[in-house]
Amino acid sequence: MEFLRKLAAWLQQHARPWADKAILGARQAYARGQAYLMSKPEKRRPWFFALWSGVALAALFVVYVLLLIPLTPGIRDLKQARAARATAIVSADGKELASFDQGLQERVPLAKISPHVIAALIATEDHRFYEHHGIDLTRVGGAVFHTLLGDAQGGSTITQQLARNMFPEEIGRSRNINRKLKEMITALKIEATYSKPEILEAYLNTVPFLYNTFGIEMAARTYFDKSALQLDILESATLVGMLKGTSYYNPVGNAGRSVQRRNVVLGQMRKHELFSEARYQSLLKKPLRVHFARQAERSSTDTHFTAFVRKWLIQWADENDYNLQLDGLVVHTTLDFGLQSAAMRAVERQGRALQAIADTEWSQRSTYSATSTSAYGETHEGAPSFAYFWQSHPDYADAIVRESRDYRKAVEGGEEAAVAFKRLKADRQFIAQLHAAKTRLEAGMVALDPASGQIKAWVGSRNFQREQFDHVSQAARQPGSTFKPIVYGAALEKGFLPERPYRDAVLDIKAADGSVWRPTDMSGSTGNMMTMRDGLVYSKNTITAQVMQDVGLPPIVKLARGLGVRQSKLASVPSLALGTSPVTLLEMVNAYASIAAEGEYRKPVFVTSITDRSGKVIANFEAAKPERAMSAESAGKLIDMMRGVVNRGTGTGVRYRFGINGDVAGKTGTTQNNADGWFILMHPNLVTGAWVGFNDTRVTMRSNYWGQGGHNAVLLVGDFVRSALDSGKLDATALLPGGKRVAVARPAVEEEDVSEEASDLQQDGVPPAPTPPPIPDEQDEPPEPAEPKPSPSPMPTPTPANEGGG
């Protein structure tokens with residue numbers, strides 16, 4: 001307050017007298033001017049007044065232009081824009097993962113651009129290009145004159161157009177005097193900074209040409225399937241002609257207009273004597289020959305992880321006023337390049353092996369049973385993939401035709417439904433592509449550091465270029481028995497001990513509305529007493545249901561939210577305990593990472609910092625403060641119970657198949673009719689989870705053996721973790737909370753087939769749990785249908801269905 005009083009006193013003392021003097025001076029100047037005007041003859045006074053007004057307006061205009069100069073890009077901005085660099089996304093160890101190129105663009109030097117392009121450009125857009133210094137005053141005057149007569153014309157030079165291309169936001173997009181003045185000022189700065197050849201090169205490398213293409217090189221490839229250096233006169237005139245209106249004169253969509261505009265360009269070239277009249281007349285008669293080849297939209301290095309980062313980064317850049325195409329930022333992510341490479345190899349290798357199993361088992365009526373993936377690889381050659389599946393499910397085969405985009409478009413277009421259906425059923429190529437898409441096995445895998453929440457590996461499908469739907473963050477699937485540790489964790493939080501006994505028996509569990517839920521297990525019930533620990537180790541539905549009943553649903557839901565299941569809706573029904581409520585893989589792995597971190601939730605971190613082109617840090621992203629989701633004591637007990645899953649329960653495959661003998665814990669998961677297979681493994685340094693299944697839940701693995709998460713998803717996780725251990729990325733001697741350095745004996749062969757219990761039971765009289773959202777249509781397969789609505793009852797598999805949970 002004291003400061004404000006002093007400031008007010010100073011202004012009163014100094015500013016007020018100055019303002020008074022300024023007002024007095026203005027009045028005196030006005031009086032002198034008026035006296036001078038009145039001293040002139042009355043007839044000449046209007047001329048003097050007009051002259052003074054003109055001078056005043058000119059002075060105001062000059063002042064306005066001077067005020068605009070600092071608001072236009074400076075020399076430093078010009079040099080930075082000319083040396084523009086796309087933002088790069090890099091791994092934690094500095095390997096580039098992807099970049100934000102400005103659309104489809106490849107910069108080339110002027111020497112690699114056809115001379116015909118340059119000649120056509122100058123003749124049509126700016127024939128005095130080499131004579132002016134950024135502004136063609138003759139052309140500006142002509143444009144103003146014709147505009148006043150009602151024939152609007154542009155007066156922009158190539159340099160002015162380049163200014164607009166380089167700085168669209170700074171100069172503005174509205175057609176007004178303010179934009180034109182900024183454009184002219186920037187053009188003068190460009191001319192003062194660069195040579196004419198450099199200006200031409202920059203212009204031809206930045207001008208847009210539709211289809212997300214920028215620059216003459218990419219335009220030449222897109223419209224004529226050749227390089228910019230190979231363009232002939234007609235092709236050059238066609239592309240230069242597009243500059244007046246890329247969409248209006250598009251040679252692909254508006255061939256007639258494109259030819260007319262091309263001929264106008266040729267006329268300008270003839271006017272400036274770039275070729276003879278005979279040559280000109282000959283060129284006019286030539287047809288438009290376009291070889292359209294749309295360029296690939298995405299880099300081959302893109303992955304689901306970089307796509308996830310892109311989405312977040314675009315919003316961040318908008319909020320912080322950065323240009324991802326030009327500013328050359330470097331986005332430092334948490335991804336470990338070595339681990340990511342290992343994850344991609346594991347998903348590709350094991351996904352291919354599981355696809356061979358599914359193809360072989362569904363190829364014929366008689367079943368082929370083996371517990372080795374290599375056995376299927378040998379028999380897969382030449383087998384008619386999924387032939388028996390389509391023979392044994394004719395209703396489904398018909399349903400997917402009616403659900404396809406082609407069928408919907410035909411019916412919406414007026415074709416009778418029966419006719420469209422018959423036509424499409426007879427189209428062998430269409431049916432083959434449709435069947436291939438439906439029977440393509442998919443997978444997802446993600447790995448988190450439990451100590452920091454940092455994402456270290458992320459694979460959203462078996463092939464990003466083919467399947468861009470992300471099975472890590474987008475696909476909501478039933479988690480099956482991977483949800484059970486949350487139920488047991490809630491019990492531990494309530495004070496239950498791992499050795500608390502329960503009877504292994506089928507019980508009717510009544511809900512508040514009187515409905516009945518009767519959970520069973522595929523392995524049957526013994527009627528004997530079983531501890532809560534063994535209920536989790538052997539994934540017993542009967543035990544889990546009783547634990548849920550004793551604990552209550554609210555504490556289970558609360559713990560799930562606290563550990564990391566924060567986006568998906570959790571249906572508060574008893575069957576939730578067996579994993580019937582869909583969640584994403586990222587949520588489940590995050591929840592397990594919270595358990596591994598002794599009950600502390602950490603929000604997943606995927607970007608650590610952003611630096612500018614000089615390496616200066618402009619943004620840091622510190623991990624959020626951990627949140628206590630469950631007590632460290634309960635988390636330690638739960639981890640110990642989950643050790644039993646991989647030592648003697650449903651997850652032993654990770655040990656006997658891959659020889660992982662360190663201190664690890666985890667849980668398997670399988671859902672109804674083997675639609676989903678899950679496995680999540682906790683290592684002290686890394687928590688890794690995988691999901692395996694088909695996009696359409698009506699297609700499943702045929703055998704109950706390979707349909708279990710302990711036999712399919714475990715392959716992806718085991719392969720990945722084995723590679724991480726071998727490469728030294730993971731410490732084989734590290735211990736989870738409460739761990740001891742003891743050798744884990746290899747399970748006996750007869751112990752490897754502990755039954756995986758599918759979590760497929762619903763309460764009597766209660767609607768089924770929510771189903772996953774529809775899978776988007778495939779981007780690269782025209783006949784791919786939309787995701788169908790769930791069937792009233794799941795399609796039975798030819799082999800005996802196993803009831804149960806695990």
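Helices α15 and α29 pack against each other at an angle of about 145°, with their axes 8 Å apart. (Helices are DSSP runs of H or I with at least four residues, strands are runs of E with at least two, and both are numbered from the N terminus; axes are lines fitted to C-alpha atoms, for helices over the stretch in contact, and angles run from 0 to 180 degrees between N-to-C directions.) This is a predicted model, where local features need pLDDT of at least 70, side-chain atom pairs count only at pLDDT 80 or more, and totals for chains, interfaces and linings use all residues. Residues are numbered from 1 along each chain as its sequence is written, and side-chain values use heavy atoms, with hydrogens and water left out.

Who touches whom here? On the α15 side you'll find, among them, Leu 339, Ala 342 and Leu 354, and they meet a set in α29 including Leu 715, Phe 720 and Ala 724; contact means heavy atoms within 4.5 Å. Sort the residues of this contact and you get 10 nonpolar, 2 polar and 2 charged. (Ala, Val, Leu, Ile, Met, Phe, Trp, Tyr, Cys and Pro count as nonpolar, Asp, Glu, Lys and Arg as charged, and the others, Gly among them, as polar.)

Now for the rings. The structure holds 21 aromatic pairs: rings of Phe, Tyr and Trp (its six-membered ring) pair if their centres lie within 6.5 Å, and planes under 30 degrees apart are stacked, over 60 edge-to-face and the rest tilted. One of them is Trp 362 with Phe 386, stacked at 6.3 Å centre to centre with 25° between the planes. Trp 362 sits in the loop between α15 and α16 and Phe 386 in the loop between α16 and α17, so this pair ties together parts 24 residues apart in sequence. Both Trp 362 and Phe 386 are buried, meaning under 20% relative accessible area, while exposed is over 50% and partly exposed is in between (1.4 Å probe, protein chains only).

Tyr 376 and Trp 706 make another pair, and their planes are at 90°, so this one is edge-to-face. Tyr 376 belongs to helix α16 and Trp 706 to the loop between β18 and α29, so the pair links parts 330 residues apart in sequence. Tyr 376 is buried at 0% relative accessible area, and Trp 706 counts as buried at 0% too.

Finally, look at Asp 225, in the loop between α10 and α11. Asp 225 has a positive phi of about 55° although it isn't a glycine, and it's exposed, with a relative accessible area of 56%.
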